Amino acid sequence: RERRGERTMAKKGGGGKKKGGKGGDGGSPAGDAKKGAKIFKTKCSQCHVAEKGGSHKQGPNLGGLFGRVSGTQEGYAYSKANKEMAVEWNEQTLFDYLLAPKKYIPGTKMVFAGLKKPKDRADLIAHLKDATS
C-alpha cells in the first residue's frame with residue numbers, strides 16, 4: 001500500500017511519471033512521441049517543418065535541432081535576440097523554452113505563447129527527438 005500511495009503522490013506533485021531516465025535532465029516528465037506528434041501538428045506545423053532538409057516556413061526548419069545552437073540554422077533570418085542568446089538545444093533547454101518562448105528569449109520573433117502543461121512539453125520534445133534526427 002505504501003508503494004501505491006507513493007505513486008499517487010508522485011503523479012499529483014511531479015507533473016507526470018518518469019520512466020527509467022527518459023525524462024529531461026532537470027525533472028521534466030517522460031514524453032510520449034505519438035502524443036507529441038499530435039501537438040506538433042496542431043501547434044507547430046503551421047510555422048515549422050521537423051524533417052531535416054525541409055524548407056523554412058514562418059519559423060526555421062527544425063531538422064538537426066538537438067545539439068544545435070539557437071539562431072544558427074542556415075538560410076533562416078533569425079532575430080538578433082535568438083542569435084545572441086546562443087542556447088544549445090537539448091531536452092532541458094527545450095522544456096524550459098517551450099513553457100514561454102518570449103520570456104526565455106526576450107525579443108524572439110516566435111509568436112507562440114507556449115505550452116503550460118509539463119506533460120505536453122515532454123510529449124512534444126519526445127516527438128521532436130525522433131522527427132528532427
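A polar contact is a pair of N or O atoms within 3.5 Å, in which, within protein, one atom must be able to donate a hydrogen and the other to accept it. Such a contact is found at the start of helix H2 in this predicted model, where a side-chain oxygen of Asp32 reaches to within 2.9 Å of the backbone nitrogen of Lys34.

Helix H2 itself comprises residues 33-44. A straight helix of 12 residues would span 16 Å at 1.5 Å a residue, whereas H2 spans only 14 Å between its end C-alpha atoms. The buried residues of this helix are Gly36, Ile39, Phe40 and Cys44. Viewed down the axis of H2, these buried residues fall within an arc of 105 degrees, and they therefore line one face of the helix. The cover over them includes helix H6, residues 118-131. On the other side of H2, the exposed residues are Lys34, Lys38, Lys41 and Thr42.

Is Gln73 buried or exposed? Its relative accessibility is 17%, and because buried means under 20%, Gln73 counts as buried. The side chain of Gln73 is joined to that of Arg68 by a polar contact of 3.0 Å. Leaving aside residues up to four places away in sequence, Gln73 touches His56, Asn61, Gly63, Arg68 and Tyr78.

The aromatic residues form a further topic. A pair of aromatic rings is described by the distance of the centres and the angle of the planes. With ring centres required to lie within 6.5 Å, the count comes to four aromatic pairs. In one of them, the rings of Tyr97 and Tyr104 have their centres 5.7 Å apart and their planes at 80 degrees; planes over 60 degrees apart count as edge-to-face, so this pair is edge-to-face. Tyr97 is buried, with a relative accessible area of 7%, while Tyr104, at 22% relative accessibility, counts as partly exposed. Ring pairs also bring in Trp89, which is linked with Tyr97 and Tyr104 into a cluster.

Another aromatic ring, that of Phe95, takes part in an arrangement with a charged side chain. The charged end of Arg121 sits over the Phe95 ring, 4.2 Å from its centre.

Key. Residues numbered from 1 in each chain as written. Predicted model: local features only at pLDDT ≥ 70, side-chain atom pairs only at ≥ 80, totals over all residues. Heavy atoms only, no water. Phe/Tyr/Trp six-rings, centres within 6.5 Å; stacked < 30°, edge-to-face > 60°. Buried < 20%, exposed > 50% of the residue type's maximum accessible area, 1.4 Å probe, protein only. Lys NZ or Arg CZ within 6 Å of the ring centre and 35° of its normal. Helix = DSSP H or I, 4+ residues; strand = E, 2+ residues; numbered from the N terminus. Expected span 1.5 Å × (residues − 1). Arc of directions from axis to C-beta. Contact = heavy atoms within 4.5 Å.
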